[in-house]
Amino acid sequence: MAGARCPPPDRPLSVLVVDDEPDVATYLAAVLERNGHVVHTAQNAAEGFAIVKKLRPDVACIDIVMPEETGVALFRRIRADEEVGDMPVVFITALKPEMTAPQDGLIDRPIPEAEEYVEKPPNAEAFVAAVERAARSRRAQK
């Protein structure tokens, strides 16, 4: 993929957090910043995709259940884009990846395979570890 970047291990990660719940986005951003990473936030999928295209963060952390455009739809947009399609993605969700039955039409099913999944409410240490693992998985592929 043309615009793919792989951060060196000695610099902070650039991380995008996309969540329609401001308190969750603020919490996740603070956790990542306390661990030395640079964080950008978006409140919806459209804003998130614009940031992905403009800033090309090292990792995108995406809530699955969001109004208007779901996190699954955003994930598919990222994967379909030639410039950013190999960006590591961490899903943030109360849903399990193996769930396949529609639930009130809130999300696109089945949930696709991302580099990592973090359950809500997220544990700070587990969340940071998942983001860093996702970034390392991209480094290993390069």
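Predicted model: local features only at pLDDT ≥ 70, side-chain atom pairs only at ≥ 80, totals over all residues.
D19 is buried (under 20% relative accessible area, with exposed meaning over 50% and partly exposed in between, for a 1.4 Å probe and protein chains only), its own relative accessible area being 0%. Residues are numbered from 1 along each chain as its sequence is written, and side-chain values use heavy atoms, with hydrogens and water left out.

Salt bridges
- The structure holds 10 salt bridges, each a side-chain nitrogen of Lys or Arg within 4 Å of a carboxyl oxygen of Asp or Glu.
- D19 pairs with K120 at 3.1 Å, N to O, and these two residues, 101 residues apart, link distant parts of the chain.
- K120 is partly exposed, at 22% relative accessible area, and a network of salt bridges joins D19, E21, D63 and K120.
- In another pair, the closest N and O atoms of K53 and D81 are 2.9 Å apart; K53 is partly exposed at 26%, whereas D81 counts as buried at 15%.

Helix α1
- Helices here are DSSP runs of H or I with at least four residues, and strands are runs of E with at least two, numbered from the N terminus.
- V24, A25, L28, A29, V31 and L32 are buried in α1.
- They cover an arc of only 160° around the axis (taken from the directions from the helix axis to the C-beta atoms), so they lie on the same side of α1.
- Exposed D23, T26 and R34 sit on the face turned away from that buried side.
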